[in-house]
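Dear colleague,

Please find below the structure that I am handing over to you. My findings follow it, arranged by topic.

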Amino acid sequence: PGLQDRLSNYDTDLFQPLFDELSRLTGTRPYSGKLGAEDVDHIDMAYRVIADHVRTLTFSITDGCVPSNDGRGYVLRRILRRAVRYGRQFMNAECGFLAALSAKVVEYMGDAFPELRTRPAFVASIIEEEERTFGRTLARGLKLFEKAVERSPNGVISGADAFLLHDTFGFPKDLTCLMAEERGLKVDVAGFDAVMEAAKQRSRDANRNEVTLGLGLKAEQTDALAKQGVPPTDDAPKYIWDDHSTR
């Protein structure tokens, strides 16, 4: 037997308070510990994913790491969006459920980790804002995913569709891969990476062109200004060097 004579950590009091609170918040049936094919409705998987992820989010944000688009912040954002997707799709959870659940983490782990009690409202506000941001595109993204599935007779979701989910609806690549796996499908990861690199290259080219264009005026533009009576700029002063440091 393992910890507390249980075979899984999820059956111990490390997770049961979160499962109970999640059931209360969403009105979902209690956790039953089903795995794999036995978990037909994916609800037990949702319990485990959400409980795991909300603990990670609560501790990390308390320590000063916040969700963002790069580095460790992007890891947190991916974790949060995965949890939100499970809650919304399989438990019909309302926006804010994850933020509310973070308070439960503080309640039952705050004695062992008192730093969790230093700014729980800040942590909850960060999580809730991220939930709202992703929630605005989640439903439309799920519809697009279903269309991508329909366009995948060979069992592979195209890199272009996966990139659209990422770029327009905020679905991280690993989230799309996970959703595809749940449906017995795969994602063309190499195709996704190629489309992503092409998009980055277009962005770099656009930035380079902006720098190259600068603020200079073309001949027809200066001619038009002259016809309007606008005198040319006197740039002679810029060639006069007055060293104030010697005064």
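Is E146 buried, partly exposed or exposed, and what is its relative accessible area? E146 is partly exposed, because its relative accessible area of 30% lies between the cut-offs of 20% and 50%. Please bear in mind throughout that this is a predicted model.

Confidence

The average pLDDT of the chain is 87, and 85% of the residues score at least 70. Confidence is highest in α2, with a mean of 97, and lowest in helix α9 (residues 219-227), with a mean of 68. Where pLDDT is low, the predicted coordinates should not be read in detail.

Salt bridges

The count of salt bridges comes to 14. One of them joins R77 to E130, with 2.7 Å between the closest N and O atoms. R77 belongs to helix α3 (residues 71-90) and E130 to helix α5 (residues 120-150), so this pair ties together parts that are 53 residues apart in sequence. R77 and E130 are both buried.

Helix α5 also contains E146, whose partner is R183 in the loop between α7 (173-182) and β2 (186-187). The side chains of E146 and R183 meet in a salt bridge at 2.7 Å, N to O. This pair links distant parts of the chain, 37 residues apart. As stated above, E146 is partly exposed; R183 is likewise partly exposed, with a relative accessible area of 43%.

A further salt bridge is formed by R151 and D161, where the closest N and O atoms are 2.8 Å apart. R151 sits in the loop between α5 and β1 (156-157), while D161 is part of helix α6 (residues 159-169), and the two are ten residues apart. Their accessibilities fall into separate classes: R151 counts as partly exposed at 46%, whereas D161, at 11%, is buried because its value is under 20%.

Helices α1 and α2

In helix α1 (residues 16-26), the buried residues are L18, F19, E21, L22, S23 and T26. These buried residues pack against α2 (43-62) and α4 (97-109). Just after α1, G27 adopts a positive phi of about 75°.

Helix α2 has 20 residues, of which 15 are buried, and is therefore mostly covered, buried meaning under 20% relative accessible area. From its first C-alpha to its last, α2 reaches 28 Å, close to the 28 Å expected at 1.5 Å a residue.

The nonpolar core

The largest nonpolar core holds 56 residues, and those that touch the most other members are I50, L98, I127, I157 and F171. At least two residues of this core come from each of α1, α2, α3, α4, α5, α6, α7 and α8 (189-213).

Which residues does I157 touch, leaving aside those up to four places away in sequence? The contacts of I157 are F145, A148, V149, S152, A162, A180, L185, K186, V187 and D188.

Yours sincerely

Methods. Residues numbered from 1 in each chain as written. Predicted model: local features only at pLDDT ≥ 70, side-chain atom pairs only at ≥ 80, totals over all residues. Heavy atoms only, no water. Salt bridge = Lys/Arg side-chain N within 4 Å of Asp/Glu carboxyl O. Helix = DSSP H or I, 4+ residues; strand = E, 2+ residues; numbered from the N terminus. Buried < 20%, exposed > 50% of the residue type's maximum accessible area, 1.4 Å probe, protein only. Contact = heavy atoms within 4.5 Å. Expected span 1.5 Å × (residues − 1). pLDDT = per-residue confidence, 0-100. Core = buried A, V, L, I, M, F, W, Y, C linked by side-chain atoms within 4.5 Å.
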